[in-house]
Protein chains: 2
Amino acid sequence: MNRRFHWKRLETFCEKLFTKAGLPENDAKIVAESLVQADLQGTDSHGVVRADIYLRRIQAGMINRDEEMEVHYDGPVILLDGKNHIGSVVGNRALELAIEATKQHGTASVGVKGSNHFGTCSYFLQKAIKENIIMIIVSNASQTMPPTGGIRPFLGTNPLSIGAPAGRYAPFILDMATSVVARGKIISAAQKGKSIPKEWAIDKFGNPTTVAEDALEGSVLPMAGPKGYAISMFIDILSGVLTGAGFGRYVNNMYENWEDPQNVGHFYIGIEISKFMPIEEFKNRIDQYFDEIKREPKAPNVEEILIPGEIEHRCRIKKMTHGIELPPKVEDELKRWGEYYEIDIHDALLRTDEIVDEGEESKNAFR
Amino acid sequence: MNRRFHWKRLETFCEKLFTKAGLPENDAKIVAESLVQADLQGTDSHGVVRADIYLRRIQAGMINRDEEMEVHYDGPVILLDGKNHIGSVVGNRALELAIEATKQHGTASVGVKGSNHFGTCSYFLQKAIKENIIMIIVSNASQTMPPTGGIRPFLGTNPLSIGAPAGRYAPFILDMATSVVARGKIISAAQKGKSIPKEWAIDKFGNPTTVAEDALEGSVLPMAGPKGYAISMFIDILSGVLTGAGFGRYVNNMYENWEDPQNVGHFYIGIEISKFMPIEEFKNRIDQYFDEIKREPKAPNVEEILIPGEIEHRCRIKKMTHGIELPPKVEDELKRWGEYYEIDIHDALLRTDEIVDEGEESKNAFR
């Protein structure tokens, strides 16, 4: 039975966990916010489910908590050495640098090395959008996808993300793995004992498979065949080869490697809208664009044409009111960390007086 | 019977056509070079097959040959108004501006409005690569793809392209339409009377189709489903919404609209490699990356794992020696334009003494 949590109190709970684990308060806040924002928008694979591995790596001394990050400025080009701090904190620092440099110069490129798994890109994009900056964020990741023609993981599912503000609409937010599906979906299918479509992955011998467990031992496939392979490779070139971070096999797996820092690389490109036209004009134009797309004739059984980011935006609004459901396994993990650090997870549950009626059935999800 | 042409003399022939059509000599040279480079690398859909439509539009007064392009500088951010000059010339000007600004500032963003169909992006990328600049180039295009859930063309097959130099290897060049396949492949199937895979396109009622003619009346589908839709849309936002160019339905079709300028938009982002590390170090790292990918174990029946751009690079070398084959239809079109402007296309054919032996059969392709 999934129970429901209040997003803000779940965030506070996680913040306390990370503070107890030894992160500075501000860092703990960023990590907690990044995780809960992912759950809120429905990207459960990058939500509080990741708190466990983050905490285990901090506890094992795999994350730097002391030495300062290093920033190398050169006009609108910045290189940030994350010095193996926790990923969302490094990512957030890069974002701040990118926003600042974009405001100063009109555009900026920020490369990042020495980072770790940094959660969803959309967490950072949201903040850039509030500053009326169009931002592109990419990151490499540990090996899960073969090159086209290969049979074993070489590339990560290196995410590509892009955000732009709108006026009457929710912002445009594209945030995608360059695989056919996120590896998290295969993990989820394996946990539920479900089969997967044969286009998703190959087994360790290079054969297409519908068995989720075999896929996890094999490789997720790039989206769109060689096109996805090429995009993923480019992201690795920008995030890894260019910045001095790991690339290909030198981006270490956070679940498997307990010896070496991950050395993940990211890359941020910022573009200030007002350099091209007044922001209100841009927002009118993008609203018109969305209006026109949404008014297009629809295929049979399609109720609505959606803008990238719209599903997540609606999900966020809904879950802010109705709570975030966590599967028992995730709740148990968090509960155990809570017990270890003497923080009560029950404080984070949605209270009876906060329940919004969705019919009898849904009430079972509350305590 | 396809005959073979010498790439440089074919370029000269095209250059003369465009000069006679009224383009300044330098512009004619750029257009001709862009077309022949596409043929050389095997991207026939963007090669001299396009000379006919470009010439017809010039002749019909649809292309500006007088009023100067306008450049609005603001540090590393530049807006170029192409003033409806021919696409490859506008694109090339944007490239020069992007290279110059990237060298000056380390990174640059160049938006372009008032342009036309500008050929392959890889033509421009090649030049940026020679300057040791990593470049991203995107462009919108007239409507051919539906949004996810739609049934008729709304977005263009908006290309995404990215280039980076290498050391021992050919440069990394990704240059792709955001559709499942380039629309040119469906045109080609229709001309040959061949059927197409049902994943490629929908007919005008929104149903999947294997009939190339029905697909041409319907819509090419975005690559990777909603992911391709989102990427294509983002390219339209950057190239069209942000720059002030057309977007969505306001990018006019060069084959169908003989009233209005196309108002295509492009966007260039340049990143100077030496701002991050010495160029030799970067080239060593990218060579190592390519080495390692190419050494990966291969799937059954795969002879070699390829780097994006490698096929085109080899094709270029081969065709520089063996000539560019043109289908009779394309040769006829060029021949007619040659007759019209009194330029002999036969001068562009590969001469007997230039033939490299490839066996008896291939000799039939020569005059």
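## Close-up views of a two-chain predicted model

**View 1. The interface between chain A and chain B.** In this predicted model, about 6,400 Å² is buried between chain A and chain B, and carbon and sulfur atoms give 73% of that area. Buried area here is the accessible area (1.4 Å probe) that two parts lose on being put together, summed over both. On the side of chain A, Leu242(A), Phe276(A) and Tyr289(A) lose the most area to chain B, together 12% of what that side buries. Each chain brings 76 residues to the contact, where contact means heavy atoms within 4.5 Å.

A word on conventions: the model is predicted, so local features need pLDDT of at least 70 and side-chain atom pairs count only at pLDDT 80 or more, while totals for chains, interfaces and linings use all residues. Residues are numbered from 1 along each chain as its sequence is written, chains are lettered from A and ligands numbered from 1 in the order in which they are written, and side-chain values use heavy atoms, with hydrogens and water left out.

**View 2. The two copies and their axis.** The same surface serves both copies, as 100% of the contact residues of chain A recur in chain B.

**View 3. Polar links across the interface.** The rule finds 30 residue pairs in polar contact between chain A and chain B (both at pLDDT 80 or more); such a contact is a pair of N or O atoms within 3.5 Å, where within protein one must be able to donate a hydrogen and the other to accept it, and residues adjacent in sequence count only if both atoms are side-chain atoms. Helix α8(A) gives the largest share of the side of chain A that touches chain B, 11 residues; helices (H or I, at least four residues) and strands (E, at least two) are DSSP runs, numbered from the N terminus. Eight salt bridges also cross the interface, each a side-chain nitrogen of Lys or Arg within 4 Å of a carboxyl oxygen of Asp or Glu. One of them pairs Asp74(B) with Lys275(A), the closest N and O atoms being 3.0 Å apart.

**View 4. Arg249(A) and Glu296(B).** These two residues form a salt bridge, with 3.5 Å between the closest N and O atoms. Arg249(A) sits in the loop between α8 (226-241) and β10 (264-272) of chain A, and Glu296(B) in the loop between α9 (279-294) and α10 (310-322) of chain B, so the pair joins two chains. Arg249(A) is partly exposed at 35% relative accessibility, whereas Glu296(B) is buried at 2% (buried is under 20% relative accessible area, exposed over 50%, partly exposed in between; 1.4 Å probe, protein chains only).

**View 5. A salt bridge within chain A.** Lys204(A) and Glu217(A) meet with their closest N and O atoms 3.4 Å apart. Lys204(A) lies in the loop between β8 (201-202) and α7 (212-217) and Glu217(A) in helix α7, so the pair ties together parts 13 residues apart in sequence. Lys204(A) is partly exposed at 47%, and Glu217(A) is exposed at 53%.

**View 6. Helix α5 of chain A.** Seven of the nine residues of α5 (residues 122-130) are buried, so this helix is largely enclosed by the rest of the structure. Among the buried residues are Tyr123(A), Phe124(A) and Leu125(A). Just after α5(A), Asn132(A) takes a positive phi of about 60°.
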